[in-house]
2 protein chains.
Amino acid sequence: MGKKLTKRSEDYSKWYNELVVKADLAENSGVRGSMVIKPYGYAIWEKMQAQLDRMFKETGHENAYFPLFIPKSYLSREAAHVEGFAKECAVVTHYRLKNAEDGSGVIVDPEAKLEEELIVRPTSETIIWDTYKKWIQSYRDLPVLVNQWANVVRWEMRTRLFLRTAEFLWQEGHTAHATREEAIQEAELMMNIYAEFAEKFMGVPVVKGLKTESERFAGALETYCIEALMQDGKALQAGTSHFLGQNFAKAFDVKFATKEGNQEYVWATSWGVSTRLMGALVMTHSDDNGLVLPPKLAPIQVVIVPIYKGEEQLAAISERVEGVVKDLRDRGVSVKFDNRDTHKPGWKFNEYELKGVPVRLGIGMRDMENQTFEVARRDTLEKQTVAADAVVDHVVGLLEEIQENIYNKALNYRESHITEVNSFEEFKEVLESKGGFLSAHWDGTPETEDKIKELTKATIRCIPLNAREEEGVCVYSGKPSKIRVLFAKAY
Amino acid sequence: MGKKLTKRSEDYSKWYNELVVKADLAENSGVRGSMVIKPYGYAIWEKMQAQLDRMFKETGHENAYFPLFIPKSYLSREAAHVEGFAKECAVVTHYRLKNAEDGSGVIVDPEAKLEEELIVRPTSETIIWDTYKKWIQSYRDLPVLVNQWANVVRWEMRTRLFLRTAEFLWQEGHTAHATREEAIQEAELMMNIYAEFAEKFMGVPVVKGLKTESERFAGALETYCIEALMQDGKALQAGTSHFLGQNFAKAFDVKFATKEGNQEYVWATSWGVSTRLMGALVMTHSDDNGLVLPPKLAPIQVVIVPIYKGEEQLAAISERVEGVVKDLRDRGVSVKFDNRDTHKPGWKFNEYELKGVPVRLGIGMRDMENQTFEVARRDTLEKQTVAADAVVDHVVGLLEEIQENIYNKALNYRESHITEVNSFEEFKEVLESKGGFLSAHWDGTPETEDKIKELTKATIRCIPLNAREEEGVCVYSGKPSKIRVLFAKAY
């Protein structure tokens with residue numbers, strides 16, 4: 001398989017699919033809709049996990065683990081919840097195989113049928129609230145601030161690597177509180193943590209907002225979200241945080257004794273981000289040469305490639321490189337010295353460009369003489385020559401600069417792709433010609449929302465939290481509106 | 001629920017079940033055979049994971065992620081493998097629910113039946129070797145050294161928290177090699193890493209050995225294992241590492257071009273440890289007062305409990321404690337200062353004893369005057385008074401001492417419970433009166449092994465790697481034998 005990618009301008013979707021596979025992030029498996037996350041992709045996910053986990057723990061959350069299977073009857077307890085998930089549930093009905101009598105192989109043993117079918121969790125509110133009933137009796141038991149890292153399954157008909165897969169990895173926080181206000185605060189806190197993670201670590205600028213009623217999580221009173229914009233002008237929901245009110249507490253009868261001795265239902269939130277973030281990361285920064293990774297999440301931050309003929313030259317170069325590797329590692333930088341003799345330098349340059357390694361150091365015999373390194377940065381593809389004794393400081397500074405630069409580049413793109421539109425003609429015109437977020441007045445009804453979606457495929461991504469009140473009329477119905485919302489086509 | 005435990009001498013099994021629940025490690029869920037791992041238990045598991053993951057990465061392994069579901073036909077490809085797992089497979093047959101027409105709730109939609117049933121992975125050899133077929137073409141692609149952290153499901157009829165659950169968490173390494181020798185080396189390396197982890201971190205002494213043919217992993221040519229001994233004289237298999245030969249490469253047609261240009265089948269290993277280790281940890285060290293945790297895996301290594309009346313005293317104590325907390329943290333020790341006024345000191349002492357916190361510091365007004373702390377160690381329950389300015393050094397040293405002491409205590413128990421027996425009468429007598437490992441001659445046949453199991457419930461735990469050749473006769477059949485193997489009743 002060649003490493004040459006389709007250009008983004010030719011076919012953005014094909015470019016993405018090829019890049020994910022060729023850069024060794026993930027690939028399709030023999031199981032329809034399920035992916036294999038390859039070691040290089042998984043290493044990025046591990047860095048995301050580690051940072052998010054730190055942020056969760058710093059804000060008082062603990063990890064736990066709940067069952068993969070959910071009895072079918074649990075799902076049904078919360079009406080909106082089951083309505084939302086019933087159409088995509090993988091169902092376990094039997095617990096044994098046996099040899100077919102005709103010798104054709106193994107078959108499902110019809111005698112090993114479960115009394116009650118089990119659903120492979122699409123999300124864990126129900127099994128968790130069934131557990132919280134045992135954990136919570138009194139206000140002293142609150143808040144419960146728990147997160148789990150897990151796999152979930154939602155049976156999707158059309159799947160794409162990372163963006164939409166039948167099985168995906170995620171974290172799901174599930175918290176329980178004594179008051180409505182505290183639960184809302186928690187839901188907002190987690191949205192803010194997600195936004196901080198997306199911007200500071202992934203380098204992905206996001207809009208914080210609220211989902212409309214029809215886009216809310218099944219069972220939530222309010223869904224907070226962060227929305228990112230990809231390079232093709234389509235939006236991507238990067239994380240959600242739900243204020244669940246007392247819905248699950250009522251469904252699972254979870255009450256607590258207040259300080260005053262009353263019995264009240266517990267208030268809840270849930271929040272999650274998934275391996276979908278990998279898709280957002282790839283689509284925000286990468287280019288026609290391959291991945292562009294933010295230094296803070298890159299498994300390899302710096303690669304050093306020697307250019308040499310024969311063992312003697314390699315030995316000399318290796319000696320010079322050794323000190324640089326050590327000094328960089330002491331500064332907390334992850335470095336790979338690729339001294340394999342099975343591949344040529346040109347091949348290696350392409351390979352690390354494809355894989356998005358933020359900084360590449362080249363060193364050949366002329367650099368040896370001049371006491372220099374050639375320093376190439378992945379984001380701008382610029383190269384410069386740097387004195388060997390200054391290279392460590394230079395690289396450390398450059399990694400910070402790259403982290404900042406790719407964020408700013410994405411921010412500029414996003415800012416120039418939020419367009420205020422004031423008529424439905426304009427709406428359609430901008431959506432087709434330019435894409436991005438359309439900031440438009442909306443009359444607040446699901447009917448108008450549905451109609452616009454039907455006519456344009458654009459949905460309301462969010463009601464931005466920072467929206468100002470402004471008198472206006474709905475772009476579609478002409479009815480009065482006090483606030484602009486963000487529409488876009490979305491992943 | 002009272003916190004008082006059943007004594008080990010009264011009912012070891014009941015003691016274990018109560019302890020796991022009361023110490024907040026895990027509990028049963030609403031799903032038969034599946035457990036909830038509670039935050040305190042999960043925090044220990046996270047420490048285990050972090051250390052094992054470090055050891056895997058230091059030996060060149062990378063993490064990846066493979067699908068939860070395995071098409072039924074994949075399992076059948078390796079005959080011994082499917083034979084071994086067919087009887088405990090959870091099977092997904094449908095992918096949608098719908099509302100029952102009689103309004104009684106949701107039912108499985110009969111129209112959403114899968115063409116091919118999917119098995120919830122009991123282990124991942126088959127789906128992984130189906131993937132390796134795409135990854136491996138040439139000797140240059142070898143070795144593949146991959147691990148995954150995942151959940152697996154084996155439908156067990158009799159379950160016990162951590163020891164045997166329908167779903168459990170584990171890691172499974174799957175490696176591919178160019179030669180038989182290299183694969184065997186890898187399998188041995190991983191067994192050694194497991195043994196090092198068990199002994200140095202869990203404080204659990206283990207015997208390294210080989211499984212007999214009938215105890216081998218389904219599909220393996222050789223299974224290496226580490227076997228631990230619990231306080232009730234029963235053995236527990238704590239980790240296994242399998243040399244799989246070319247079985248899976250043949251089943252999934254994975255060949256590679258050698259340096260010489262020939263096509264050969266790839267050699268394989270797999271190896272895993274699971275949340276079962278949590279059971280081993282609890283049963284090796286804990287006592288009638290609760291958990292005893294090795295400092296290296298304890299989520300809280302030191303707890304500080306103030307003894308005071310009124311806010312003024314608490315403020316004074318807190319000021320003194322603050323510096324100690326900081327100094328301990330600077331030394332890498334995890335410390336909790338439990339200054340809650342909702343619980344009395346006596347309650348806290350019991351609570352942290354139950355939870356196995358290795359060191360407890362108490363400080364009251366007399367300690368304030370005398371500039372001392374009361375230092376209590378969990379393993380021996382000994383207390384001593386230590387000068388405040390020496391307490392940090394003392395605690396750091398004490399943590400090391402406790403780590404060593406609990407290992408030695410477990411080792412002494414184990415050593416005094418390996419008994420050489422030379423007749424079947426002696427075998428049965430020692431097994432019933434004392435338990436532990438019985439070192440006995442065996443004629444090498446599965447028939448004798450089965451018969452002994454049938455008559456005594458003891459199985460061959462392993463053929464120890466360090467066994468010396470010795471002329472003897474099988475304790476059961478009287479046939480000649482050259483080596484002693486270890487029998488025991490086991491979890």
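The following exercises, with worked solutions, concern a predicted model. In this predicted model, local features need pLDDT of at least 70 and side-chain atom pairs count only at pLDDT 80 or more, while totals for chains, interfaces and linings use all residues. Residues are numbered from 1 along each chain as its sequence is written, chains are lettered from A in the order in which they are written, and side-chain values use heavy atoms, with hydrogens and water left out.

**Exercise 1. State what confidence scores accompany the model and chain A.**

Step 1. The model scores are ipTM 0.97 and pTM 0.97.

**Exercise 2. Determine whether D53(A) is buried or exposed, and list what D53(A) touches.**

Step 1. Locate the residue: D53(A) belongs to helix α2 of chain A. Helices are DSSP runs of H or I with at least four residues, strands are runs of E with at least two, and both are numbered from the N terminus.

Step 2. Apply the cut-offs: buried means under 20% relative accessible area, exposed over 50%, and partly exposed in between, with a 1.4 Å probe and protein chains only. D53(A) has a relative accessible area of 15% and is therefore buried.

Step 3. List the contacts (heavy atoms within 4.5 Å). Leaving aside residues up to four places away in sequence, D53(A) touches N63(A), W149(A) and E46(B).

Step 4. Compare sequence with space: D53(A) and Q171(A) lie 118 residues apart in sequence, and their C-alpha atoms are 9.2 Å apart.

**Exercise 3. Describe the lining of the second largest pocket.**

Step 1. Assign elements: α2(A) supplies the largest share, 5 residues. Elements of chain B that each supply at least two residues include α5 (125-135) and β9 (144-153).

**Exercise 4. Identify which residues touch the most other members of the largest nonpolar core.**

Step 1. A nonpolar core is a set of buried Ala, Val, Leu, Ile, Met, Phe, Trp, Tyr and Cys residues joined through side-chain atoms within 4.5 Å.

Step 2. Among the 99 residues of this core, the answer is F69(A) and F69(B).

Step 3. Residues touched by F69(B) include V31(A) and W155(A) of chain A, and V92(B) and I127(B) of chain B.

Notes
pLDDT is the predictor's confidence in each residue, from 0 to 100. On a 1 Å grid over the protein atoms alone, a cavity is a set of points where a 1.4 Å probe fits but cannot get out, and a pocket is an open set with protein on both sides within 12 Å along at least five of seven lines; lining residues have an atom within 4 Å of a point.
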